Amino acid sequence: MKKLFYILFISSIFHQVVAQHKEESGVNLAKFYKNKLHFGFALAYNKTDFRVHTVKNSALPDSVIDGVRYGMKTIYTKSDPGFAIGIIADFRIHEYLRLRFTPNISFASRNLEYTLENGKRDSTKVYKKSVESTFLIFPLELKLQSKRLDNFGAYVIIGGGYTLDLASKKKGGGTTGGANQLDDAIKLTRDDYFYSGGLGVDFYLQYFKLGLELKLINGTKNLLQKQNNIFSNSIDKINSKMVIFSITFEG
């Protein structure tokens, strides 16, 4: 249902852009990039996930559940949809090169699914660990624009930035170990650094510029805080990744 809503919303915007382009003659916002600095805001849909690096099979921990010893079999990740809102500061370096600072607040959720198996391989246990985050993201990126074609333009972006997870202190409940370790959560660090890249298109409307942008960001730090439980000890390191689709409005 959510995917259908996003498709209809984007289709509606695209239809309005095309209709306005057909109805209006001439070039909109002809002097838009004569000014050095522009501001705007962005609304975004995101999917955040983990890149999980497990420990070697020989080092995988096990646990006793109901008197039966279980070992780790598989670890999978699943991302849930999220959203973000942010502001845009755009500085002209050259006619076709911009420097953009686009801080935003992003809400995201990921799931880690663990499958444990006994020694006879005739019984399995599945545990799901949900990790919710509220990110403050500070990207600094270069935007390389194409030459305008009437009221249309395309671009690519590349850069990096810093991420602060405001919910990191709420994750994880301690290092109990033993039988209670099945109730323990995964604890992540607060700070991360990332590199990013993407592409987009701009539509120059009568009163503002509308942009549609698709971007991928990859975290560089190991986010895992080691704890004494089977879920944490089965992982060597965790990195973050996020796919973001943004609708931008600049005046």
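Visitor: I have the chain open. Among contacts between residues at least 6 apart in sequence, what share join residues at least 24 apart?

Guide: In the protein chain, 74% of those contacts join residues at least 24 apart. Keep in mind that this is a predicted model.

Visitor: Okay. How many helices and strands are there in the protein chain?

Guide: Two helices and ten strands. If you read along the sequence, the pattern goes α-β-β-β-β-β-β-β-β-β-α-β.

Visitor: And what percentage of the residues count as buried?

Guide: Of the 251 residues in the protein chain, 43% count as buried. To be called buried, a residue needs under 20% relative accessible area.

Visitor: Now the nonpolar core. Which members of the largest nonpolar core touch the most other members?

Guide: That core has 18 residues, and Leu112, Tyr114, Leu116, Ile186, Leu188 and Ile238 touch the most other members. The elements giving two or more residues to this core are strand E3 (68–94), strand E5 (104–118), strand E6 (124–145), helix H2 (230–233) and strand E10 (235–250). Apart from it lies another core, with nine residues, including Ile137, Phe194, Ile217 and Met242.

Visitor: Let's zoom in on one. Which residues does Leu116 touch, not counting those up to four places away in sequence?

Guide: Leu116 touches Ile65, Tyr70, Gly71, Met72, Lys73, Ser123, Thr124, Lys125, Tyr127 and Ile230, with residues up to four places away in sequence left out.

Visitor: Next, salt bridges. What's the general idea?

Guide: Side chains of opposite charge can pair when their charged atoms come close. This structure holds ten salt bridges.

Visitor: What is the N to O distance between Asp90 and Arg98?

Guide: It's 2.4 Å for the salt bridge between the side chains of Asp90 and Arg98. Both Asp90 and Arg98 are buried.

Visitor: And what about Asp202 and Lys209: are they buried or exposed?

Guide: Their side chains meet in a salt bridge too, at 3.3 Å, N to O. Asp202 is buried, with a relative accessible area of 2%, and Lys209 is buried, with 0%.

Visitor: Which residues are linked in a network of salt bridges?

Guide: Asp90, Arg98, Arg100, Lys143, Asp202, Lys209 and Glu250.

Visitor: How should I think about empty space inside a protein?

Guide: Rolling a probe the size of a water molecule over the atoms shows where empty space is left. Here you'll find three cavities of 30 Å³ or more. The largest cavity has a volume of about 220 Å³.

Visitor: Which residues lining the largest cavity lie nearest its centre?

Guide: Of 25 lining residues, Ala42, Thr102, Asn104, Lys215 and Ser246 lie nearest the centre of the largest cavity. Strand E1 (37–54), E3, E5, E6, strand E9 (209–219) and E10 each supply at least two residues of this lining. E3 gives the largest share, five residues. By type, the lining of the largest cavity has 14 nonpolar, seven polar and four charged residues.

Visitor: How much space lies in the second largest cavity?

Guide: About 140 Å³. There, 18 residues form the lining, and Phe135, Thr163, Asp192, Leu223 and Ser240 are the closest to the centre. E6, strand E7 (152–165), strand E8 (191–204), E9 and E10 each supply at least two lining residues, with the largest share, four residues, coming from E8. The lining of the second largest cavity divides into eight nonpolar, four polar and six charged residues.

Visitor: Last stop, pockets. Which residues line the second largest pocket?

Guide: Look for Ala30, Phe32, Tyr33, Lys34, Arg92, Glu95, Tyr96, Gln145, Ser146, Lys147, Arg148 and Tyr204. The second largest pocket has a volume of about 240 Å³, and its lining divides into five nonpolar, two polar and five charged residues.

Methods: Residues are numbered from 1 along each chain as its sequence is written. This is a predicted model: local features need pLDDT of at least 70, side-chain atom pairs count only at pLDDT 80 or more; totals for chains, interfaces and linings use all residues. Side-chain values use heavy atoms; hydrogens and water are left out. A nonpolar core is a set of buried Ala, Val, Leu, Ile, Met, Phe, Trp, Tyr and Cys residues joined through side-chain atoms within 4.5 Å. Buried means under 20% relative accessible area, exposed over 50%, partly exposed in between (1.4 Å probe, protein chains only). Contact means heavy atoms within 4.5 Å. A salt bridge is a side-chain nitrogen of Lys or Arg within 4 Å of a carboxyl oxygen of Asp or Glu. On a 1 Å grid over the protein atoms alone, a cavity is a set of points where a 1.4 Å probe fits but cannot get out, and a pocket is an open set with protein on both sides within 12 Å along at least five of seven lines; lining residues have an atom within 4 Å of a point. Grid points are joined across faces, edges and corners, and a volume is the space filled by probe spheres set on the points. Ala, Val, Leu, Ile, Met, Phe, Trp, Tyr, Cys and Pro count as nonpolar, Asp, Glu, Lys and Arg as charged, and the others, Gly among them, as polar.
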